[in-house]
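User: I am new to reading protein models and would like a close look at one part of this one. Please start with the surface as a whole and then go to that part.

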Amino acid sequence: MTGKAASEAPVSGPQETAPEPAKVPATEPPGDTAASGEQQHPEPGASAAPEAPATPAATKPAPPSEDVPSAPLQLTVEDVSPNSVTVSWEPPEKLGRLGIQGYVLEFCREGASEWVPVNARPLMVTQQTVRNLPLGDKFLLRVTAVSSAGAGPPAVLNKPVHIQEIIEHPKIRVPRHLRQTYIRHVGEAINLQIPFQGKPKPQASWTHNGSALDSQRVNVRSGDQDSILFIRSAQRSDSGRYELTVRLEGLEAKAAIDILVIEKPGPPSSIKVLDVWGCNANLEWTPPQDTGNTELLGYTVQKADKKSGQWFTVLERYHPTSCTISDLIMGNSYSFRVFSENLCGLSDSATTTKELAHIQKADGAAKPQGLVERDFSEAPSFTQPLADHTSTPGYSTQLFCSVRASPKPKIIWMKNKMNIQGDPKYRALSDQGICTLEIRRPSPFDSGVYTCKAINVLGEASVDCRLEVKASATH
């Protein structure tokens, strides 16, 4: 048959005597059997008169004629075990005028010159397994197509096959807490212990952002079952992707670990009082130049009156960079300061307003007769719109805006134009015109356009923002 057929041929090793040039091998591996329909081979060491064409000699074969087939194609190693190797090939491009009678597979120990035939007679198979090979040796393999006119040129493997014990392929088991970004503070130690499997002992190596590790800062110790990466005092420059590669004779396994080294942010760059009216003061500040190598969680705003000098917190984890402070006491003068905050905590210092906000006392003089009181009623208008925001899955997120209206407006929150009132995932708050929507433990499904609508008897107004919840990378 000419289809993909397989044969198994046990051999006792390359110590077998090689056949004479241009003759069929006189030595056959023990237990070798031909394909279905072939007669039994001679016993090892017995000579037999060849009925099939001669197999390739150890010397270079003569140039093929039109009757001799060309070399088989795509000679490939299919499997290697501790004592055997399986190879396969494709029929030659040219079969010759007389056709082929089969293939002869030979092997040779690396460094030796004699080729030992696996099958003394040509077999019509395109896959064979050579068994009983010594553990630890390296062998070259070649296969030749044979016709009644003679043997064609051999197809030879481009590199030796190493017969070795591979009981377990390499595999890395990344601990669960390292499958997401591993966050450490500046100055803390980084100690990663990554277990792996593989037998015999595989070789482990690390890279940082695709480059070799800095041996002055990073220590690596690899054993039989794990690899440990240690940094005594982490710096922000140690952030990035660390990749562990475990190799075992051409097989390898890889695992990537993302490390983020963070520290406290700097304070806001500047702050000023924009406006003072009634018992209210409007503040504005600019974000800090240094966020501590991670995103900000918000700002903490505090106030202090000139008389006492004591600071009181007004807003915590407030995301916008402007706000309105209400309920100030008439006749007092106030200073304000703002801290930045990230996962490490509040900035070590705050930015304080240079000028004081003076809250004027109300005029106690009697109103003249006939004076018409001013109507303060107004339709809703947003003094601070919603800002687009990017969040991390699993961390609660808050959206902020401020609205001015009289009488007090009704606040409605929507996601993608759908009312989300009553949904337990969301918590809406409204205090002194500050509207807050808290989204508990968001996921990528919570991304979308969020709308805050304010309605009273004089009209309505709305503001939009886009929230994007980035999915975490897994390894």
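This is a predicted model: local features need pLDDT of at least 70, side-chain atom pairs count only at pLDDT 80 or more; totals for chains, interfaces and linings use all residues.

Analyst: Residues are numbered from 1 along each chain as its sequence is written, and side-chain values use heavy atoms, leaving out hydrogens and water.

The chain exposes about 25,700 Å², and carbon and sulfur atoms supply 48% of that area. Accessible areas come from the Shrake-Rupley method with a 1.4 Å probe; for residues, only the protein chains shown count as cover. Of the chain's 475 residues, 41% count as buried. Buried means under 20% relative accessible area, exposed over 50%, and partly exposed in between, again with a 1.4 Å probe and protein chains only.

The chain has zero helices and 36 strands. Both are DSSP runs numbered from the N terminus: helices are H or I with at least four residues, strands E with at least two. Ser 402 lies in one of these strands, β30, which covers residues 397–406. Ser 402 counts as buried because its relative accessible area is 7%.

What surrounds Ser 402? Contact means heavy atoms within 4.5 Å. Not counting residues up to four places away in sequence, Ser 402 touches Ser 381, Phe 382, Thr 383, Gln 384, Gly 433 and Ile 434. Thr 383 deserves a separate word. Thr 383 and Ser 402 are 19 residues apart in sequence, and their C-alpha atoms are 5.6 Å apart in space. Their side chains also make a polar contact, at 2.7 Å. A polar contact is a pair of N or O atoms within 3.5 Å; within protein, one must be able to donate a hydrogen and the other to accept it, and residues adjacent in sequence count only if both atoms are side-chain atoms.

For comparison, take Leu 343, in the loop between β24 (333–342) and β25 (345–346). Leu 343 counts as partly exposed because its relative accessibility is 39%.
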